[in-house]
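This report covers secondary structure, helix packing and backbone geometry. Start by looking over the model.

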Amino acid sequence: MSKTELNKQWIFKLFVELITQQETRDGKFTVRFAEEKRKVESELGQKLDLNLSEIHLIACIGDHGPINVTTISEKTDLTKGSVTRITQRLLALDLIKKQQLHDNKKEVYFRLTAKGQKLHLIHDRLHQDIEQRFMLLLDKYTPEQLTFARELLQDLLEWDY
């Protein structure tokens, strides 16, 4: 077998391993977030049983608020129905609030409450930590290798297996 074919097999094997490993890493992120969330729960005196979609919706509102259901749906790749269901839950938990703009009483926009802002800050801090560690990992590669890696990852995102 040629060196090229062997390399292709290794790349495929590592790709499958990376996909499998992602579940473990998602779990680690969830544990780290849960630890930080417990601190906030203690401070707020309120239990916050949130899933990842709810947390990312809080992040979206924190990053782009005031924001409506349609825009949240576009930015999060959640259906409008899912966004509506999640926002109802977050409203009940006092993590977000509704508002209408003075010139448009029909459309509802969402903002974070003080509690929601605290969760948003925790989420941002965890993501920044992950990004910093990732950038340190990439420091060992040449500009040419980084260009190749970017192209490969873009192709993998577009590839339908």
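## Terms and basis

Buried means under 20% relative accessible area, exposed over 50%, and partly exposed in between (1.4 Å probe, protein chains only). This is a predicted model: local features need pLDDT of at least 70, side-chain atom pairs count only at pLDDT 80 or more, and totals for chains, interfaces and linings use all residues. Residues are numbered from 1 along each chain as its sequence is written, and side-chain values use heavy atoms, with hydrogens and water left out.

Helices (H or I, at least four residues) and strands (E, at least two) are DSSP runs, numbered from the N terminus.

## Helix 2 against helix 4

Two packed helices are described by the angle between their axes and the distance between the axes. Axes here are lines fitted to C-alpha atoms, for helices over the stretch in contact, and angles run from 0 to 180 degrees between N-to-C directions. Helix 2 (residues 52–64) and helix 4 (residues 80–92) have axes that come within 10 Å and cross at roughly 85°. The pair is therefore roughly perpendicular (65 to 115 degrees; under 35 is roughly parallel, over 145 roughly antiparallel, the rest oblique).

Contact means heavy atoms within 4.5 Å. From helix 2, Ser53, Glu54, Leu57 and Ile58 meet Val83, Ile86, Thr87, Arg89 and Leu90 of helix 4.

## Ile86

Ile86 sits in helix 4. Its relative accessibility is 4%, so Ile86 counts as buried. Leaving out residues up to four places away in sequence, Ile86 touches Ser53, Glu54, Leu57 and Leu78. Between Ile86 and Val40 there are 46 residues of sequence separation and 20 Å in space, C-alpha to C-alpha.

Strand 1 (residues 96–101) and strand 2 (residues 104–112) run antiparallel, joined by 6 bridges. Strands pair if DSSP finds at least two bridges between them. The two strands form a hairpin with 2 residues between them. Leu101 has Asn104 in strand 2 as its bridge partner.

Helix 5 (residues 114–138) has 25 residues. Its first and last C-alpha atoms are 36 Å apart, close to the 36 Å expected (1.5 Å times one less than the number of residues). Its buried residues are Gly116, Leu119, His120, Ile122, His123 and Leu126.

## Backbone exceptions

Most residues other than glycine have a negative phi, and most peptide bonds are trans. Gly65 and Pro66 are joined by a cis peptide bond, with omega about 0°. Pro66 is in the loop between helix 2 and helix 3 (69–76).

Asp77 has a positive phi, near 60°. Asp77 lies in the loop between helix 3 and helix 4, and is exposed at 72% relative accessible area. Phi of Asp94 is also positive, near 60°. Asp94 lies in the loop between helix 4 and strand 1, and is partly exposed at 37%.
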